[in-house]
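Keep the picture in view as you read.

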Amino acid sequence: MLMSVAEIARNVGLYPELAGARVLVTGIQSTRGVDLVRAFGEHGCRMVLQAPEISAEIDAILSHVAETALEIHVHHDPIDTAEEAVRFTQAASRHFGGFDIVVNLIPLDLSDLRGIATPDEIETMIADRLQSAARTTGVAANRMGLTWTHGSVLNILCVPATTRPDDQVIIAMARTTLAAMTRGEADRWQDQGVRINAVAPMSSLVPNLLSDADLVRSEPDAAALALYLASAEGEGLSGLMFDADQSASNF
């Protein structure tokens, strides 16, 4: 039986071709994205990090990453709207003239969506939550295309663990929206060699036919997958939705 991409990724070591790569990671918190930025730092990448949290914990994490990364720039400004995402990504790209790798960590606060009256209203709010990542993806991919960079963009939906039935409906809807966005962006940029993929938790409302080995089960798994997709091994993989274990998907 062929191993899944998630299983292969967690069993691969270093990717020498990523040394010096230009990386953007958005949405970092002290409890989210740590293993991800550490993994790129250990590969000697040049990184722009968007970390809206200001705390001693995040400062310690970023200081540690700076010891291994080739270069690092940290921005603490929040990205709350699509317009802010465009301005930030354009400004961030000036550090290195563009990016080879982009990872957007997209938090989904389920408490904001509970109790909304209609599915249409939930869909609208979910689309609003994904707009910043969509704009960052578009701006970064456009720059990659203009500079003939065969880059990788990975959008990761981060959702707190929950067993509430109403939350499971929201997760299923968010996953469907992100999957559609991913396929659309992948088709849009495929001629420029830009790869667009996503990770989202599986809803318990949908039967799980995958084994544990096929799932992204933790942040180290997510980091391994991001490295794999950005490397030469990940060429040709685009428009894919990778499944995360819903009980551990807040990364």
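**Helices and their neighbours**

Leaving aside the residues within four places of it in sequence, Thr182 is in contact with Ile196, Asn197, Ala198, Gly239 and Leu240. Bear in mind that this is a predicted model. You will find Thr182 in helix α6, which covers residues 165–189. Is Thr182 buried or exposed? Its relative accessibility is 2%, and because buried means under 20%, Thr182 counts as buried.

Now move along to helix α7, residues 219–230. This helix has twelve residues and reaches 16 Å from its first C-alpha to its last, close to the 16 Å expected at 1.5 Å a residue. Eleven of those twelve residues are buried, so α7 is largely enclosed by the rest of the structure. Among the buried ones are Glu219, Asp221, Leu225 and Tyr228. What covers the buried residues of α7? The cover includes the helices α1 (5–10) and α2 (34–42), along with the strands β4 (101–107), β5 (152–158), β6 (195–201) and β7 (241–244).

Finally, look at a pair of helices. Two packed helices are described by the angle between their axes and the distance between the axes. For α4 (residues 82–93) and α5 (residues 119–146), the axes come within 8 Å and cross at roughly 30 degrees. Their crossing is right-handed. On the α4 side, Ala82, Ala85, Val86, Thr89 and Gln90 take part, and they meet Gln131, Ser132, Arg135, Thr136, Val139 and Ala140 in α5. Sorted by class, this contact has five nonpolar, five polar and one charged residues.

Notes
Residues are numbered from 1 along each chain as its sequence is written. This is a predicted model: local features need pLDDT of at least 70, side-chain atom pairs count only at pLDDT 80 or more; totals for chains, interfaces and linings use all residues. Side-chain values use heavy atoms; hydrogens and water are left out. Helices (H or I, at least four residues) and strands (E, at least two) are DSSP runs, numbered from the N terminus. The expected span of a helix is 1.5 Å times one less than its number of residues. Buried means under 20% relative accessible area, exposed over 50%, partly exposed in between (1.4 Å probe, protein chains only). Contact means heavy atoms within 4.5 Å. Axes are lines fitted to C-alpha atoms, for helices over the stretch in contact, and angles run from 0 to 180 degrees between N-to-C directions. A crossing is left-handed if the near helix is turned anticlockwise from the far one by less than a right angle, and right-handed if clockwise. Ala, Val, Leu, Ile, Met, Phe, Trp, Tyr, Cys and Pro count as nonpolar, Asp, Glu, Lys and Arg as charged, and the others, Gly among them, as polar.
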